[in-house]
Amino acid sequence: MKARTTRTERFEDIVNEVFEPLQRYLHRRMPADSVDDVLSETLMIAWRRLDEIPSNASLPWCYGVARKVLGNHRRSQHRRLRLVDRLTAEPQQFSTDPHGGDEGDPLLEVALEQLNDQERELIHLWAWEQLEPREIALVVESTPNAISLRLTRAKQKLANSLERQNRPASGHSPDKQVPESSVGEM
Amino acid sequence: MENEDLRSRLQKLDPTVSGVEIKSVDEESSQKMLETIMSQSAGSESIRPAWYLVGAAAVAMVAFGAVTLFGGGSTPDVTANPDGEAIELTVGSEDTLASCMALTPELVRDVPLAFAGTVTAVDGDRATLTVDEWFVGGDAATVSLLAPSGLEALIGGIDFEEGKSYLVSAYDGVVNYCGFSGEETPELRAIYDEAFAG
């Protein structure tokens with residue numbers, strides 16, 4: 001019984017640490033109405049695989065699980081919509097950006113659009129979750145060195161894109177620039 | 001641009017800065033979620049449950065009979081033909097009911113395919129089940145589950161062991177995991193029985 005208590009206590013400690021950050025992670029990447037489902041599935045996996053969670057990196061480990069569960073969820077949504085499309089013969093769009101339309105930083109948004117999905121994910125984990133390369137490596141199952149390199153490249157790509165946009169051609173407004181017209185150099 | 005300048009600028013695009021509802025762990029709904037999670041595994045003292053979530057996609061083939069799935073998107077066209085062609089189901093990563101929380105008879109009742117079966121062979125990436133009982137969706141005698149990434153893969157599937165009985169459901173051609181399908185336990189059996197009673 002003591003082992004069970006210890007196990008429960010450890011899980012509760014981890015939950016206290018990750019509960020709110022995980023919600024923010026999910027809210028940044030999916031519609032709010034599905035956050036609870038993915039959160040609970042993530043914590044369920046954490047509970048079942050408690051002994052695999054590194055003691056000094058619970059949060060990145062949980063981000064890694066949430067990332068996979070979120071991927072499953074997105075694929076499921078696509079499947080559902082494909083089915084609906086077949087049944088209704090009316091094409092529908094699935095938005096992967098639950099927060100589209102927010103006011104922000106148009107130049108930076110354009111620059112982000114020019115990154116590929118993997119680069120954008122690294123940038124978001126670095127900026128929004130404020131993770132170090134070794135922690136990001138745990139989330140995306142890579143090595144710290146590889147992440148460090150890819151992150152540096154992605155940041156440079158962003159910086160280059162911003163610089164290009166800050167040098168508008170005459171009569172051309174940078175914030176009206178269409179992403180497809182310029183591709184990252186690196 | 002300096003690293004911190006870039007990070008600071010990116011943080012202003014963070015969707016959560018404009019105000020989303022973040023629940024505290026102390027809230028009643030949060031506590032209820034956690035109680036449900038911990039109670040679902042309360043019966044097992046083992047570090048790794050008999051079946052666990054795995055993430056790799058797997059493919060299930062229903063052999064020795066055909067099952068027509070998902071006719072028109074609601075109830076299935078439940079037909080079986082011993083001479084018919086085998087169909088393929090996906091297991092794991094694309095589970096349309098991927099949620100571990102709300103396992104209820106009402107949800108299970110809506111699946112178009114469900115059966116109870118016993119694993120008769122596990123060979124590499126393939127597990128073969130003899131169907132003991134079809135609840136809905138077909139009457140094939142045997143179901144063969146093929147996991148290209150291996151049955152011992154990570155998050156999203158089920159660990160099949162020879163001689164053990166399992167309850168398996170599928171939706172939209174996808175075997176459901178994370179509570180909906182798994183080794184037969186009195187709890188899971190009760191939910192299936194209630195779901196398909198009458």
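Q: Why are H5(A) and H6(A) called oblique to each other?
A: In this predicted model, the axes of helix H5 (residues 117-127) and helix H6 (residues 133-140) of chain A cross at roughly 130° and come within 10 Å. Angles under 35 degrees count as roughly parallel, over 145 as roughly antiparallel, 65 to 115 as roughly perpendicular and the rest as oblique. H5(A) and H6(A) are therefore oblique, and their crossing is right-handed.

Q: Which residues of helix H4 of chain A are called buried, and what do they pack against?
A: In H4(A) (residues 106-113), A:Val110, A:Ala111 and A:Leu112 are buried, the term for a residue with 20 or more other C-beta atoms within 10 Å of its own. The buried residues of H4(A) pack against H5 and helix H7 (144-165) of chain A. Across chain A, buried residues make up 33% of the 186 residues.

Q: How many helices and strands has chain A?
A: Chain A has 7 helices and 0 strands, where a helix is a DSSP run (H or I) of at least four residues and a strand (E) one of at least two.

Conventions
Residues numbered from 1 in each chain as written. Chains lettered and ligands numbered in written order. Predicted model: local features only at pLDDT ≥ 70, side-chain atom pairs only at ≥ 80, totals over all residues. Buried ≥ 20, exposed ≤ 12 C-beta atoms within 10 Å, placed from the backbone. Axes fitted to C-alpha atoms, helices over the stretch in contact; angles between N-to-C directions. Left-handed = near helix turned anticlockwise from the far one by under 90°. Contact = placed C-beta atoms within 7 Å.
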